[in-house]
Amino acid sequence: MGSHRTARAVIAAAVVTAITAAVVLIMGFAWRGAGAGRAQVSYNAVDMRAQMLDNGDLRITQTFDYRLESRGTPWRQMFQQYTLSSDRLTTISDISVTDLTTGRTYTQDNTVHSPGSYGNAGWDSECAGRWYIADITQSQSHPDPFDPELDALTATAVGEPAQTKDVEIGWNIPSTRSGKSMRFELAMTWHGVATAYDDVVALEWEPFSALNSTPAARVTGTFAFPKGISESNSWAWLHTGAASETTRLDDGSLQFTVTDLPGGEYINVVVMAERQPTSAVSREQAGRMKQRILEQERREARIASNARQREARGRLIIWLIPAVLALLLVVGALIGAKRACAQGRRHTEALEYWREPPDMSPAAAAALITDVMPGIQGSRDDWQMTSTLLSLVTKGAVAIYPGSAAGYRGLDLSRADCVSIGQLIASDPRREADAAGMCTLVIMPRVYTDRAGLQLCRSESALLDVLLRASERIGLPVFDFGQMQAALKDWRQGYAWLRGFEDACNAEYQALHATVPVGVGARMLGGAAMIASWLTAFIYTAAVGQIALALVISLPLLFAATFAAQVSPRQAFTAQGEAYADQVGGLMRYMEDFSAFGDRGVFDTVLWGRYMVYAAAFGISDKLMEQMERAYPQLADPEWANVHASNDGLVYWSARRRAMRARGGAFGMHGMHAGGSFSSMVSNSFSSVGATIRDAMPQSSSSGSRSGSRSSGGGGSFRSGGFKGHSGGSGGGRGGAR
């Protein structure tokens, strides 16, 4: 019994958890899709490489993987905008644009064409495949020409009043409605970026500024120093508020990865290298800067780390409170379920077999057997009604004959005997065919004259009342189940009479005092834990976007909560109930194994009639008939049945079933018939969760670990990822499409 309940509980928990997991995944994809869908243009990925030259310039190669959503007008122009400043970026030259999707190299155009001034055909033939650079300081809609040499700014020292210009590098693409992936390479040289001090050469490179509105799912980059610079004599820091990782290589190069860069978030790379005697950097400034930059970066890293710890601890509290609540409820539910299972466990060894009808009504036996053997299949309500009807037959209150009522016109079935009716049916193929599909019920005269002498129990009396009401509506005491069904179809009061039968069945079962309720607390706690687990899954997935937390915290808690609620038994047997349980369980096993007993004795139709009643109550009428045929092969002989089984209609008609090829009626005469990808989503989520947990640790606990970076002798980054330091480096890049 316990194993059946446990198996059902595991299956139920698995189904609920699987459904919830599917909802979590759908919500996760929807959340990510909604996040990506806020911008009509976004980057699937951006990869960039900056090579610092001996003269302090930067050779930059950037690869943009655009995603363009459909809109009212086609997309025609990509652009990147930068800010020139005389103290950190004087001009941009050596520009090239390549469409990596098609392999086409774009050519320069000295004219900036407005995408809205052309039709598709005119734009594609006259403008597409060209790039431009323009001065947008005064107006983006009416840009001025820009010549990288003639319009370059004159370099000034850091700290002196600086001149600035905003420039735009754009390229015209063929008219495009939408695109999931369009890859372009932009290569260029930035001039006058570095400043040489007495002890170091320093620069800041800002490929994305806080003004950039185009989000990126992933940004990777490499900053490489000139030859002669290594990890031991250089330093590099990544400033960003997005999730990031950095690595310093042996040659001093800084590699970084930024995940889920939103619009409005900057990426600023700060680098510093010891000045070499052969330095050719054009911008020079007196003074020693190494210690000042180191102290500034330490201070900003410390401030960012403290802020990150506060935010991370706050997030952990938000994550943990609902999880701890759900966990406490789950633990309580499991403890309650364990206690309920202990209460529901049989305390006495069950009887193997019981050979007599149990000391209870068939309806009560049908209810009790579902508690004794919860794994059996079938409807308790059907068993109660069928067994009670058959009990009325064995007590002489009603009789049942195969065939429709129309086939018995002119016959007084209240006085008929089974043998004569059986011979009548066998003599006429039409009657035999009719007998195969219907049964006729006869209310015996004794019901009207001596009902008390029938000694009916409450459920039998209630069902008899239903039959009497049906008889009154039909107008005859003889009717088949088809007539009864038609008569009761529009019987508005019929529900009340049937409810009276159900109430009688329940009352008889309750009168046994066989069970007491258990596990109420476990089920309540389990239900509350399920609700709490669902809430945590919703919070983790929809509110904070952490699908990983829902998968590793909410779903296991939900499984345990559902299991606890389902495995807990609802009833436990009393001492008296265990005796009753022995009777019904033992009788059921006895009837299922009856043919194996050699001491079964002479065939007793009265006893077998009651066996058939309780077999119907247990839902094993077919099994009982198989056992009876094996034990008494003579039942297959119609002549033997006429002599030895004619005094009990149930046994007789069951014995004649093969010859008649009959089926059960409306009350079930059992025995009358022969026989963004998921991987990346989860990976990113887990990475973010891990970073939050690490960031919540005190500095003293985490300072010894630098996951993702190499120890850097005399330099390197202070941590394995970027931190929210200052922005405003050279370039201040911001991009998009129109």
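In what order do the four strands of the open sheet stand?

## The open sheet

The order is β11-β12-β17-β14, with antiparallel pairing. β11 (195-196) and β14 (234-239) sit at the edges with a single partner strand each, so one side of each has no neighbour in the sheet. Strands here are DSSP runs of E with at least two residues, helices are runs of H or I with at least four, and both are numbered from the N terminus. Two strands pair if DSSP finds at least two bridges between them.

## Ground rules

This is a predicted model, where local features need pLDDT of at least 70 and side-chain atom pairs count only at pLDDT 80 or more, while totals for chains, interfaces and linings use all residues. Residues are numbered from 1 along each chain as its sequence is written, and side-chain values use heavy atoms, with hydrogens and water left out.

## Strand β13 and its partners

Strand β13 (residues 216-224) is mostly covered, with seven of its nine residues buried (under 20% relative accessible area, using a 1.4 Å probe and protein chains only). Strand β1 (residues 41-52) pairs with β13 in the parallel sense over seven bridges, and Tyr43 stands opposite Ala216 there. Strand β16 (residues 254-261) also pairs with β13, in the antiparallel sense and over seven bridges; Thr222 faces Gln255 in that pairing.

## Ser391 in helix α5

Ser391 belongs to helix α5 (residues 380-394). Ser391 counts as buried because its relative accessibility is 0%. Leaving out residues up to four places away in sequence, Ser391 touches Pro362, Glu460, Arg610 and Val613 (heavy atoms within 4.5 Å).

The Ser391 side chain makes polar contacts with the side chains of Glu460, at 2.4 Å, and Arg610, at 3.0 Å. A polar contact is a pair of N or O atoms within 3.5 Å; within protein, one must be able to donate a hydrogen and the other to accept it, and residues adjacent in sequence count only if both atoms are side-chain atoms.

## The largest cavity

The largest cavity holds about 60 Å³ of space. A cavity is a set of points on a 1 Å grid over the protein atoms alone where a 1.4 Å probe fits but cannot get out, and lining residues have an atom within 4 Å of a point. Helix α7 (residues 429-435) gives the largest share of the lining, three residues. The lining as a whole divides into four nonpolar, two polar and two charged residues, and includes Tyr408 and Ile425.

Key
On a 1 Å grid over the protein atoms alone, a cavity is a set of points where a 1.4 Å probe fits but cannot get out, and a pocket is an open set with protein on both sides within 12 Å along at least five of seven lines; lining residues have an atom within 4 Å of a point. Grid points are joined across faces, edges and corners, and a volume is the space filled by probe spheres set on the points. Ala, Val, Leu, Ile, Met, Phe, Trp, Tyr, Cys and Pro count as nonpolar, Asp, Glu, Lys and Arg as charged, and the others, Gly among them, as polar. Buried means under 20% relative accessible area, exposed over 50%, partly exposed in between (1.4 Å probe, protein chains only).
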